Amino acid sequence: MSANAIPTGQQPEATYDSAFLKACRREPVPHTPVWFMRQAGRSLPEYRKVREGIPMLESCTRPELVTEITLQPVRRHDVDAAVFYSDIVVPLKAIGIDLDIKPGVGPVVAEPVRTRADLARLRDLTPEDVSYVTEAVRMLTGELGSTPLIGFAGAPFTLASYLVEGGPSRTYENAKAMMYGDPELWADLLDRLADITAAFLKVQIEAGASAVQLFDSWAGALAPADYRASVMPASAKVFDAVAGYGVPRIHFGVGTGELLKLMGDAGADVVGVDWRVPLDEAARRVGPGKALQGNLDPTVLFTDRRTVETKAQEVLDAAASLEGHVFNLGHGVMPNIEPDALTHLVDYVHQASAR
């Protein structure tokens with residue numbers, strides 16, 4: 001563990017009693033905590049202003065800019081947690097993978113990983129590779145005070161999907177073909193990515209992140225049996241690698257209603273739920289011992305305030321019997337959502353759920 005790191009098994013003291021961390025630990029809270037995936041991003045005019053002319057991946061390597069962008073939604077919306085501004089492909093870029101985030105497309109990999117020889121390009125990630133992350137997290141925790149910072153990383157399956165496909169995909173035909181047709185290569189690829197992902201999360205935790213979220217954005221493309229056999233071991237390796245730090249571990253995917261229990265069993269303390277499954281049903285599927293996060297449909301925010309309040313209350317009602325609940329959207333904030341709608345939603349959830 002590096003100098004100035006958080007001792008194993010101890011969370012940052014300043015944020016320990018926050019509503020967000022209490023909910024993650026399934027303890028009583030003064031109100032249901034709220035944060036939003038992609039809250040630091042394109043929906044905010046102040047974000048667009050500071051990002052103007054700066055490529056996405058470059059913006060992730062500038063600590064002062066990362067700090068400013070991460071703080072913007074905390075200032076504007078009074079959310080209960082900040083989420084570190086970065087991208088799931090940052091650690092891949094940091095170890096030398098030739099990729100870029102193309103506007104309107106997403107991450108594009110110049111040379112997809114398709115053979116065993118290609119694995120050699122996936123070297124270990126060191127803290128020195130992402131020193132800008134350490135610097136930004138330390139700057140942020142100094143600014144945030146008692147507000148927790150959520151670190152994050154892409155899960156091995158989702159990273160593998162981008163690497164094997166060469167970019168975003170609707171069918172994941174190349175990734176799944178490798179998974180089915182060359183299971184040994186697939187397992188080795190995911191194992192290598194698990195090590196890279198764990199290293200990236202450790203950097204964030206040791207610099208001061210209070211919780212971490214593993215995004216398996218595309219895991220919903222898998223059948224439960226395939227997830228259990230071919231993906232879950234790598235995700236479990238990531239969660240096991242950071243278990244000793246004592247920070248809550250959140251697991252989220254899209255379209256993962258059939259995988260919720262498995263995603264919890266992989267080692268998550270909090271299971272993220274998209275809008276397709278009501279939270280009371282999600283709790284039944286996940287089983288006891290886990291908090292849940294979610295799960296308002298983001299498109300609700302394009303309606304009027306009364307409708308937003310009604311739909312938000314439905315989420316709170318469905319979560320009434322949960323052991324722990326963190327209010328979030330069922331996926332990320334959409335770029336065209338009016339910021340005031342998010343501010344109002346946070347205020348409503350805080351007031352409606354006040355104990």
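Q: What makes Val108 the residue opposite Asp100?
A: Asp100 stands opposite Val108 in strand 3. Strand 2 (residues 99-102) and strand 3 (residues 106-109) run antiparallel and are joined by 4 bridges. Two strands pair if DSSP finds at least two bridges between them, so with 4 bridges strand 2 and strand 3 count as a pair. Strands are DSSP runs of E with at least two residues, helices are runs of H or I with at least four, and both are numbered from the N terminus. This is a predicted model, in which local features need pLDDT of at least 70 and side-chain atom pairs count only at pLDDT 80 or more, while totals for chains, interfaces and linings use all residues. Residues are numbered from 1 along each chain as its sequence is written, and side-chain values use heavy atoms, with hydrogens and water left out.

Q: Which residue takes a positive phi in the hairpin of strand 2 and strand 3?
A: Gly104 does, with phi near 80°, in a hairpin that has 3 residues between the strands.

Q: What is the strand order of the open sheet, and is its pairing parallel or antiparallel?
A: The order is 1-4-5-6-7-8-9, with 7 strands and parallel pairing. Strand 1 (82-83) and strand 9 (325-329) are the edge strands, since each pairs on one side only. At one end, strand 8 (residues 291-296) runs parallel to strand 9 and is joined to it by 5 bridges.

Q: Why is Thr197 called buried?
A: Thr197, found in helix 9, has 2% relative accessibility. Buried means under 20% relative accessible area, exposed over 50%, and partly exposed in between (1.4 Å probe, protein chains only), so Thr197 counts as buried. Leaving aside neighbours within four places in sequence, Thr197 is in contact (heavy atoms within 4.5 Å) with Ala153, Gly154, Leu159, Leu214 and Val238.

Q: How do you know that helix 7 is largely enclosed?
A: Count its residues: 10 of the 10 are buried, so helix 7 is largely enclosed by the rest of the structure. Among them are Phe157, Leu159, Tyr162 and Glu165. Just after helix 7, Gly166 takes a positive phi of about 90°.

Q: What makes the phi of Asp78 and of Tyr172 worth a look?
A: Most residues other than glycine have a negative phi, and most peptide bonds are trans. Asp78 has a positive phi near 60°, and Tyr172, not a glycine either, has one of about 55°. Asp78 sits in the loop between helix 4 (63-77) and strand 1, and its relative accessible area of 51% makes it exposed. Tyr172 lies in the loop between helix 7 and helix 8 (173-181), and at 8% it is buried.

Q: What is the peptide bond from Gly294 to Asn295, cis or trans?
A: That bond is cis, with omega near 0°. Asn295 lies in strand 8.

Q: What makes a space count as a pocket, and which residues lie nearest the centre of the largest pocket?
A: On a 1 Å grid over the protein atoms alone, a pocket is an open set of points with protein on both sides within 12 Å along at least five of seven lines, and lining residues have an atom within 4 Å of a point. The largest pocket is lined by 43 residues, with Arg38, Arg42, Met56, Asp87 and Ile101 nearest its centre. Strand 2 gives the largest share of that lining, 3 residues.

Q: Why is Ile54 called buried?
A: Ile54, in the loop between helix 2 and helix 3 (56-59), has 13% relative accessibility, so it counts as buried. Not counting residues up to four places away in sequence, Ile54 touches Ser59, Arg62 and Leu65.

Technical notes
On a 1 Å grid over the protein atoms alone, a cavity is a set of points where a 1.4 Å probe fits but cannot get out, and a pocket is an open set with protein on both sides within 12 Å along at least five of seven lines; lining residues have an atom within 4 Å of a point.
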